[in-house]
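Good morning, and thank you for the time on the agenda.

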Amino acid sequence: MAKQAKAVWKTAFAAGLMGASALVPAGAMAQDAAGSSKGSIEDRLDRLEAMIGRLEARMDAAETPDAENQAMAQEMRAAVEETRVAAAQQQELETRLAAVEAKDTQGFRVGETQFTIGGYVKLDAITQRTSAGQIPGDSINRDFLIPSLIPVGGDPSGWDTHFQARQSRIIIKGETPVGDQKLGGHLEMDFLVTDGGDQRVSNSYVPRLRQAFITYGGWTFGQAWSTFQNVGALPDSVDFVGTMPGTVFNRQPMIRYKTKSGISIAVEQPETTITNATGGRILPSDDQIPDVVLRYDRGGFAVAGILRQLHASDRVLADGGDSAFGYGVSVSGKIPLGERDDLRFMATAGEGLGRYMGANIVNDAAIDASGNLDPIATYSGFAAFRHVWSDNLRSTIAGSYFKADNPVDLTGGAPTDNVWNALANIIYSPVPKLDLGLEYMYAERENEAGDSGNLQKIQASAKYSF
């Protein structure tokens, strides 16, 4: 009787254990409705343990278990537990493999470093006219709006047509696990604002460095958008920036730390720009203290403050040179309106902020009668409303304004007093990652002498993001 019971025991247990073991690789690969096969394996093992219990009960009813039967029961229960452990390990392995495969779809791996390549290819077809002067053929103002380059005081131009693909961009990122942190790198290039072949034959242009920075924890080291600028508030425009007159716009080398609570503090590249007595620009290039920026981000809103030392040595200024302080505050954000529409805005004011505003519309300071620096006050802002018509069609209307308080007795009448612009566009995405845009823009600039001029632009674009 004992031998028959043992045989039944061994046969039933072996069959059940083999079935459970077979479930480990297959079950871990086949997901149930909840997305996990772990439960089904556990259920099967639970049934095996119940089977062992019933067989033990039958053996106990037939005869008193001896030491051999007890040892066999312990051995078989240990085998069930080993199967549970194997199932858990297999589940963990499959989860890790799935994570690796998901990440591999976003790039490629070299050693422990995950690389991704992104960017876009964009063609712009632009036709524009100006009311008070011709824009030179090699001017960057033909590629996108630079407020300070709108001609004033001259004769009107005709409609000039210009095609360019210089905004096309490539971004390479790397990310390496380091303990419980990630070490990252970002390298970004395009072809704007560089020299190269003319429009006559090759239209070739030299690549330029846009951004190049390292991230680790909350730290950023390298060249990136200034902490004083909120890129997330920029409008959805066909022009490169769209609302440049009212936008903080600056990329430069920095050291920045951002806390988990949304507070960022940074020291950034200092560079003083000075307006001379005839309205020209002086770059002393002898700054001593980096610009300091403090910023707080929360829920799509940002408040940033900046403190600068403006400096020029006796190479530029008499009596041993001079220093002055510049400062400013910028408030910006993106407000959701309804399910998909939004309002984006920025307002900035301060003194000595010239090179941060609208691609350096005016300079940071003038030189007073004593040969000292006199910081220039500026005020600017923009608002942009984006409406989403459907899943593949959207529009933006936007306007921006800039005002400078130049000391005219020190700078003359050439510097910009005010500039504003307005735009409206429609962007169609027939397939994901492809945007076809059409935009009309009107911009107007007036200098301190009262001379003014406007720019009208119609721009069509095709953009493939990857």
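This is a predicted model: local features need pLDDT of at least 70, side-chain atom pairs count only at pLDDT 80 or more; totals for chains, interfaces and linings use all residues.

Phe 221 has a relative accessibility of 37% and therefore counts as partly exposed; by the convention used here, buried means under 20% relative accessible area, exposed over 50%, and partly exposed in between, with a 1.4 Å probe and protein chains only. Residues are numbered from 1 along each chain as its sequence is written, and side-chain values use heavy atoms, with hydrogens and water left out.

Tyr 257 pairs with Trp 219 in a tilted arrangement, at 4.8 Å centre to centre and 50° between the planes. Rings of Phe, Tyr and Trp (its six-membered ring) pair if their centres lie within 6.5 Å; planes under 30 degrees apart count as stacked, over 60 as edge-to-face, and the rest as tilted. This pair joins distant parts of the chain, with Trp 219 in strand β7 and Tyr 257 in strand β8, 38 residues apart. Strands are DSSP runs (E, at least two residues), numbered from the N terminus. Tyr 257 is partly exposed, at a relative accessible area of 32%, and Trp 219 is likewise partly exposed, at 37%.

In total, the structure holds ten aromatic pairs. In one of them, the ring centres of Trp 219 and Phe 221 are 5.7 Å apart and the planes lie at 10°, so this pair is stacked. Elsewhere, ring pairs link Phe 144, Trp 225, Phe 240 and Phe 249 into a cluster.

Which ring lies under the charged end of Arg 251? It is that of Trp 225, with the charged end 4.7 Å from the ring centre. The criterion is that NZ of Lys or CZ of Arg is within 6 Å of the ring centre and within 35 degrees of the ring normal. Arg 166 is placed over the ring of Tyr 205 in this sense, 3.9 Å from its centre.

I turn now to the interior. A nonpolar core is a set of buried Ala, Val, Leu, Ile, Met, Phe, Trp, Tyr and Cys residues joined through side-chain atoms within 4.5 Å. The largest has 24 residues, of which Ile 150, Phe 228, Ile 306 and Phe 402 touch the most other members. Strands β13, β18, β19, β20 and β21 each supply at least two residues of this core, and β19 gives the largest share, three residues. A second, separate core of nine residues includes Phe 144, Trp 225, Val 241 and Phe 249.

Finally, consider Asn 230, in the loop between β7 (219–225) and β8 (251–258). Is Asn 230 buried or exposed? With a relative accessible area of 9%, Asn 230 is buried. Its side chain makes a polar contact with that of Ser 332, at 3.0 Å. Such a contact is a pair of N or O atoms within 3.5 Å; within protein, one must be able to donate a hydrogen and the other to accept it, and residues adjacent in sequence count only if both atoms are side-chain atoms.

Notes. Helices (H or I, at least four residues) and strands (E, at least two) are DSSP runs, numbered from the N terminus.
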